[in-house]
Amino acid sequence: MPKQTFFNLPEHKRNTLIEAAGKEFSRVPLAEASISNIIKEAHIPRGSFYQYFENKEDLYLYLLKEEAKGRNSLFISMLKKHNGDIILAMTAVYRDFLEKMPDDQERDFFKNALLNVTHKLENVFMTIFEGNNSESMNQISQLINTEKLNIKDDKEIHHIIQIITAVAFRNFVEKFSKELSDETAIEHFVIEMNLLKQGLYKRE
């Protein structure tokens with residue numbers, strides 16, 4: 001997380017630093033990113049950077065978490081829109097992610113992240129659909145229409161979210177690793193969501 005000194009900065013200075021970081025993390029993956037490029041673009045001394053963040057990973061994870069917050073809000077709104085249907089909500093978020101990405105820089109940022117995934121990054125991704133604490137997870141669970149689900153009790157909702165999220169995550173990675181068109185990526189995702197919805201085994 002950023003240090004308090006970062007949050008104490010005027011908004012325009014925070015935004016300048018975030019934009020500079022976004023530009024660098026879109027250019028290359030985290031491991032290859034340069035603090036020198038970020039501070040040059042943001043017009044700040046190197047010493048100031050370390051007053052705001054521990055290191056470049058700290059800044060990188062902050063950017064990802066901020067993106068995840070926005071996607072989590074979208075997921076919650078889609079659950080409400082689709083009357084708690086988790087499959088429809090998840091599909092809507094996936095489609096929105098690909099079709100409404102505003103520019104190439106944001107797309108490259110996510111591409112670099114997903115093609116160089118770490119456990120920390122995957123955990124951040126999970127917060128899109130689970131929230132970042134037990135309170136937000138409970139809020140999401142309460143929105144899900146359990147009458148549509150083949151579950152024994154509410155404890156299994158968490159596992160269903162994890163299964164669906166894992167499929168979504170793999171599809172995001174496949175989209176960028178195989179350079180699929182948005183249309184093809186969405187088609188593949190819908191097929192897999194329908195398989196989950198219908199079940200993999202034939203009913204006897």
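How many salt bridges does the count come to by this rule, a side-chain nitrogen of Lys or Arg within 4 Å of a carboxyl oxygen of Asp or Glu? The count comes to 15 salt bridges. The points below place some of them in the fold.

1. **Basis.** This is a predicted model: local features need pLDDT of at least 70, side-chain atom pairs count only at pLDDT 80 or more, and totals for chains, interfaces and linings use all residues. Residues are numbered from 1 along each chain as its sequence is written, and side-chain values use heavy atoms, with hydrogens and water left out.

2. **Overall fold.** The chain has 11 helices and zero strands. Helices (H or I, at least four residues) and strands (E, at least two) are DSSP runs, numbered from the N terminus. Along its principal axes, the C-alpha trace spans about 70 × 35 × 25 Å.

3. **Two domains.** The assignment gives domain 1 (4-57) and domain 2 (69-200). Such bounds come from an automatic or database domain assignment. The C-alpha centres of the two domains lie 29 Å apart.

4. **Where the domains meet.** Nine residues of domain 1 are in contact (heavy atoms within 4.5 Å) with six residues of domain 2. Together the domains bury about 540 Å², with 50% of it on carbon and sulfur atoms. Buried area is the accessible area (1.4 Å probe) that two parts lose on being put together, summed over both. Which three residues supply 69% of the area that domain 1 buries against domain 2? They are Phe-25, Ser-26 and Pro-29, and they supply more than any other three residues.

5. One salt bridge is counted between domain 1 and domain 2. Lys-120 forms a salt bridge with Glu-57, and their closest N and O atoms are 3.5 Å apart. Helix H2 (residues 11-27) gives the largest share of the side of domain 1 that touches domain 2, six residues. The residues of that side divide into three nonpolar, two polar and four charged.

6. Glu-41 forms a salt bridge with Lys-23, with the closest N and O atoms 3.4 Å apart. Glu-41 lies in helix H3 (residues 35-42) and Lys-23 in helix H2, so the pair ties together parts that are 18 residues apart in sequence.

7. **Record annotations.** An unreviewed UniProt entry lists residues 34-53 as "DNA-binding region". In the model, that span is 75% helix and 0% strand, and its end C-alpha atoms lie 14 Å apart. The UniProt annotation "domain: HTH tetR-type" (unreviewed entry) covers residues 11-71. Residues 11-71 are 79% helix and 0% strand. UniProt annotations may be inferred rather than shown by experiment.

How values were computed: Nonpolar A, V, L, I, M, F, W, Y, C, P; charged D, E, K, R; others polar.
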